Amino acid sequence: MLFSVLNSPSSVFEKIASGNSEVIGAVQRLTFFLILLPPVFAWIGSTLFGWRLGGGDPLYFDATARVIISFFYADALILGYISTVLIARWMAHTYGGENVSTESLFAFFTVVLTPICIASAAHLYPHIFFNVLVLIPSLLWAITLLYRGLPVVMKIPPERGMLMSSSLVGWLLVAFVSLLGLSAALWTYGIGPNVVV
Amino acid sequence: MNLETREVYHDGVVKRLVQFSILWAVVGMLVGVYLAAELLWPGLDFGQYWLSFGRIRPLHTNGIIFGFGVSALMATAFYSVQRTSNVPLFMPRLAWITCYGWQVVVLFGGLSLLAGWTSTKEYAELEWPFDIAITILWVCFAVVFFGTIANRRIKNIYVSNWFYGGLIIVIAMLHIFNNLAIPVTIDKSYSIYAGAQDAIIQWWYGHNAVGFLLTGGFLGMVYYFLPKQANQPIWSYRLSVVSFWAFTYTYIWAGPHHLHYNSIPEWVQSLGMVMSLILLAPSWATMINGIMTVSKAWRKLTVDPALKFIVLALAFYGLATFEGPMMAIRSVNIISHFTDWTIGHVHSGALGWNAMITYGTFYFMVPRMMGKPLHSVRLANIHFWLALTGTILYVIAMWGAGVSQGLLWLSMDDLGELSYSFTDVMASMVPYYALRLIAGLIFLTGTILMAYNLLRTMYGLHTVTVVPPDVIDEIKGTAHNPNAVMGGEVTA
């Protein structure tokens, strides 16, 4: 299934749109595997190489901090995934896609997220700029999948799909920057990991 | 009434302002790209003072804000106020004087910055002779705009005019009070404010220049051109008026968030922070109003490249107006302030919101003014993708750089000493700055494509003659029908 999602996403979109329960079920099972990849890679990378912010020596965190960071990372991904599906469900009424099932939307967003989850292998070497370089193309790939697939799955004209996709991109940017702000605020209040010097 | 005395909209001045705006967009962004290159290769100043970062950085900001931005705002204000008031411009010669006078100030003001004349106040660097010239020209702008509204034949003042009017009044107030200074020589003056008061006045100006010019003025653009492009009425007119007053009341208090952890009273900082957070409500009300209006016009997307820019501009408007209040929270600001996160935030607004909405408006307005289709829809579509890619790359590069800087600067060792020196941190920024340079080049390429496309559309043509359409004169209660006399055809 992972190969189909990466190799021929269009046919997967069409099968999701036609309500093919076998494909929808398979994609949903894939979700649990994919969404765990980034935190696991981050945990391994920070254990082996430390975090490299760009200046001086890498930062190493103690074992508890690494587990907590990975745990919250997984939480943020799951929360982001579910909230994006629910928001898309809510937006569907405005863009004429009210007949789409929630299961189909869960499956659709798994396909969209797949390139980012796979590219999170870059976390194995947690150098910020290296990760930025690897994740930007995967992000652009995911955005392309969103724009291409949404009208197919929602069974709406491409123009309406373009409007809804743009609204969702707006939501995702806001969600990401919220996470950035929340992390910064927590760090300021001392709720952050302990660095091993 | 004969043909010489007939009433027609004055679009010639609008066309000229659009041309100047495009020129300053290309020049301003080119300077921005040069600056980005200088941060990678400092030797690019070739030892010349006038090419140093400190001199050309204000040239970039002033060129974009006052050259590109204000010229676009004047053009769109003149275009829309005639149509929403159903009368030609009041004192059209004064409108031409404003148009050319403004360009002279931008040109010579820019050269004065290169020569090292500066008041050192951000976005208000121009010295006192230019400040006086700006005041006079701004009053001319106000006379033309409000004179047209005073002559209107439509009883209600349409919401876009409230935003343009707010822009004109508030910017006049901010400009005059922030630039009160004692001139010493032709190129040097000293502010009448000192210390913390100077800082508070400066950021009262600085933030509200962002608020009423780069946000409020461009919202005026949205409220006229979005319904026109979408061929739909605004989703909720009531919401637009409520958001105008909420926006105007709230924005003016938000300036102190630029001075967190500075030597101004803490309660002033907290006030600025709280007002910034409240500001999210009117900002997002407008975004929702825009998105709901455009959601009904999806059929036009295939034929109208302008609408794509508007949709994207609304998304980035949502991002920037959410990110701004969040960065105004003191505990976030301690990490983000003095880092490239701020630069990223500014550019998500400047590129994603201001430039995109202006591009969309120009793609709408120019073919209608010239009476011929856009030279190339394909080029406009390529421009759209270049603009989107450039903006996203820019913002991501600056987010990465900013968060790294914030965290590295706050890192301390066991003895409480800074773990990293300033030079260490800046040296690690090279990859991000390279990415920013690429992003800037991509965005600039798109702007040059637009300049070519629009100038080809305008080449060798005069604006079409447009007469105010036949309406009942709601102010005087009499029928007004200029077309009956001259038999003109309404084309816009």
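This is a predicted model: local features need pLDDT of at least 70, side-chain atom pairs count only at pLDDT 80 or more; totals for chains, interfaces and linings use all residues.
Colleague: Why is H1(B) called roughly parallel to H3(B)?

Modeller: Helix H1 (residues 12–40) of chain B and helix H3 (residues 92–114) of chain B pack at an angle of about 10°, their axes being 10 Å apart. Angles under 35 degrees count as roughly parallel, and therefore H1(B) is described as roughly parallel to H3(B).

Colleague: Which residues in H1(B) and H3(B) meet?

Modeller: From H1(B) come Val13(B), Arg16(B), Leu17(B), Phe20(B) and Trp24(B), and these meet Pro92(B), Ala95(B), Trp96(B), Cys99(B), Gln103(B) and Val106(B) in H3(B). The residues of this contact comprise nine nonpolar, one polar and one charged.

Colleague: What makes H2(B) roughly antiparallel to H3(B)?

Modeller: The axes of helix H2 (residues 53–85) of chain B and H3(B) cross at roughly 175° and come within 9 Å. Angles over 145 degrees count as roughly antiparallel, so H2(B) is roughly antiparallel to H3(B). Residues of H2(B) in the contact include Phe66(B), Met74(B) and Phe78(B), while those of H3(B) include Trp102(B), Val106(B) and Leu113(B). The residues of the contact of H2(B) with H3(B) divide into 12 nonpolar, seven polar and one charged.

Colleague: Why are H2(A) and H5(A) described as roughly antiparallel?

Modeller: In chain A, the axes of helix H2 (residues 9–17) and helix H5 (residues 102–119) cross at roughly 170° and come within 10 Å. With the cut-off being over 145 degrees, H2(A) is therefore roughly antiparallel to H5(A). Pro9(A), Val12(A) and Ile16(A) of H2(A) make this contact with Ser104(A), Ala107(A), Phe108(A) and Val111(A) of H5(A). Six of the contact residues are nonpolar, one is polar and none is charged.

Colleague: How do you know that the span of H15(B) agrees with its number of residues?

Modeller: At 1.5 Å a residue, the 29 residues of H15(B) should span 42 Å, and the end C-alpha atoms are 42 Å apart, so the two agree. Just after H15(B), Gly460(B) has a positive phi of about 70°.

Colleague: What does a similar check give for helix H7 of chain A?

Modeller: The 31 residues of H7(A), residues 158–188, should span 45 Å at 1.5 Å a residue; the end C-alpha atoms are 44 Å apart, which agrees. H7(A) is followed by Gly190(A), with a positive phi near 85°.

Colleague: How many residues does each chain give to the contact between chains A and B?

Modeller: Chain B gives 39 residues and chain A gives 31 residues. On the side of chain B that touches chain A, H13(B) provides the largest share, nine residues. The residues of that side divide into 24 nonpolar, 10 polar and five charged.

Colleague: Which residues touch the most other members of the largest nonpolar core?

Modeller: Of the 192 residues in this core, they are Met74(B), Phe78(B), Ile310(B), Ala313(B) and Met356(B). Helix H6 (residues 195–230) of chain B gives the most to the core, with 20 residues. Beyond its neighbours within four places in sequence, Met356(B) is in contact with Phe309(B), Leu312(B), Ala313(B), Phe316(B) and Ala387(B).

Definitions and conventions:
Residues are numbered from 1 along each chain as its sequence is written. Chains are lettered from A and ligands numbered from 1 in the order in which they are written. Axes are lines fitted to C-alpha atoms, for helices over the stretch in contact, and angles run from 0 to 180 degrees between N-to-C directions. Helices (H or I, at least four residues) and strands (E, at least two) are DSSP runs, numbered from the N terminus. Angles under 35 degrees count as roughly parallel, over 145 as roughly antiparallel, 65 to 115 as roughly perpendicular and the rest as oblique. Two residues are in contact if their C-beta atoms, placed from the backbone, lie within 7 Å. Ala, Val, Leu, Ile, Met, Phe, Trp, Tyr, Cys and Pro count as nonpolar, Asp, Glu, Lys and Arg as charged, and the others, Gly among them, as polar. A nonpolar core is a set of buried Ala, Val, Leu, Ile, Met, Phe, Trp, Tyr and Cys residues joined through C-beta atoms within 7 Å. A residue is buried if 20 or more other C-beta atoms lie within 10 Å of its own, exposed if 12 or fewer, and partly exposed in between; C-beta atoms are placed from the backbone. The expected span of a helix is 1.5 Å times one less than its number of residues.
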